[in-house]
Amino acid sequence: MSRRWIQNPNRCADEYLDGIEDFIEFARTHNPGATRIRCPCRRCNNTLWETYENVGFHLVRNGMIETYNIWNLHGEQLDNASSSNATRVENVEHTVDPNEQVMDIINDVFPFASADINQEGEDDLPTPIDGAEFEQYEQALKNANQELYPSCKNFSVLTAIVELMHGKIKYRMSNVCFDYFLGVFKRMLPTDNCLPNDHRHAQKMLNGLGLDMRWHKEKRVDDDVMRHPADGEAWKAFDRTFPEFAAEPRNVRLGLATDGFNPYGVLNQHHSTWPIFVFPYNLPPWKCMKKEYMMMTVLITEDPGRSIDVYLRPLVDELKDLWTNGVRTYDKSTGKMFTLRASVMWTVNDFPAYAMVSGWSTKGYMACPVCKEDVTSGWHAGKVCYLGHRRWLSWDHEWREKDKQVRREHGASPQT
């Protein structure tokens, strides 16, 4: 049986689709009675078990492991000459190219398209979908599999657009400038290329990928798996506390981070620069931590010490105004104005920087920012020691009944 189809980059070609059918039939024949088999797609890498139907779908969506030419994990017998090669094949680590990265984006944006990845013996719980959304998925998949021009191996239509739009954002290119270079590239390519004519058509092809600020609410799958900060309990508790803010998914959830560093290395031992970054968590996980979407709001060119609040004052005032009053904003996707509000969900710092940003000293007898004034500390062996950890136990914990000293000395936690 020829395995040449595995190397075919066009996963919509008849040769590739026929090869998948041959593989599924081979696996059925050599695994009688089995309802699940190892999935040899590039994502599952023969480590996860799926139904025959899902394996076929994964092979179309992700492609088969290119070096898996001997199907020993699906019943094919090995001879002595090939056994060492099969062992090597199973552990090959594949280089992710731009086309695979785009496919990963599609998989994250449209998670309903594949059943939950489960181990053998578990039931699939597919996510309900509607026709319009599935139509968007099919169109995105078509663009991801369509060659930029005949015999183009490096770029699909969607990969080319994503790369060009990434450059537009990174280098702050205007729409007019982008249209000019897009026209130049289109004339450079073969006449039968599929590159869009202008920015408007390129943006239209990306609309289905969820590049709007509502991803965390409308595109995220809520299945108790931690993939994004919106899956965390802190985010959900915030939504319960401020339901009016949570009701508008376009409201921006922000994180704030800062730390000091010396850009001059050993040339100046005392210099310290402190950039203040703000980043939005509304975006999907493959974008929210990219530098293109981070905003450096303040750059402090000296060690701020205890005066960091002076530098942060303008930023804090603007953030408070965005939380209380908001700002009128134009939503391009709907063509309407709305009031955009913002909230700082949390700050991200190491412990020394935490002390500077919060204003609570992390040194001395009251160094714990959680216990604060209720900290139990003392001087021992030349150091400040922090005791009383057992007071964090619940009131009905069995240890509280074992020793009167535990009940008397540690009492309740500061938060009860």
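## A walk from hairpin to sheet

Start by selecting residues 376-380 and 383-387: these are strands β9 and β10, which pair in the antiparallel sense over five bridges. Bear in mind as you go that this is a predicted model. For a landmark within the pair, pick Ser-377 and look across to Tyr-386, its bridge partner in β10. Now slide along to the turn. β9 and β10 make a hairpin with two residues between them, and Ala-381, which sits in that turn, has a positive phi of about 55°.

Colour β5, β4, β3 and β8, and you'll see four strands in an open sheet, in the order β5-β4-β3-β8, with mixed pairing. Which strands are at the edges? Select 295-300 for β5 and 342-348 for β8; each of these pairs on one side only. Turn the view to follow the twist, which averages 25° from one strand to the next.

Zoom in on β3, residues 252-258, which pairs with β8 in the parallel sense over six bridges.

Last stop: select residues 233-241, helix α10. This helix lies across β3 and β8, and α10 runs at about 150° to β8.

Key
Residues are numbered from 1 along each chain as its sequence is written. This is a predicted model: local features need pLDDT of at least 70, side-chain atom pairs count only at pLDDT 80 or more; totals for chains, interfaces and linings use all residues. Side-chain values use heavy atoms; hydrogens and water are left out. Two strands pair if DSSP finds at least two bridges between them. Axes are lines fitted to C-alpha atoms, for helices over the stretch in contact, and angles run from 0 to 180 degrees between N-to-C directions. Contact means heavy atoms within 4.5 Å.
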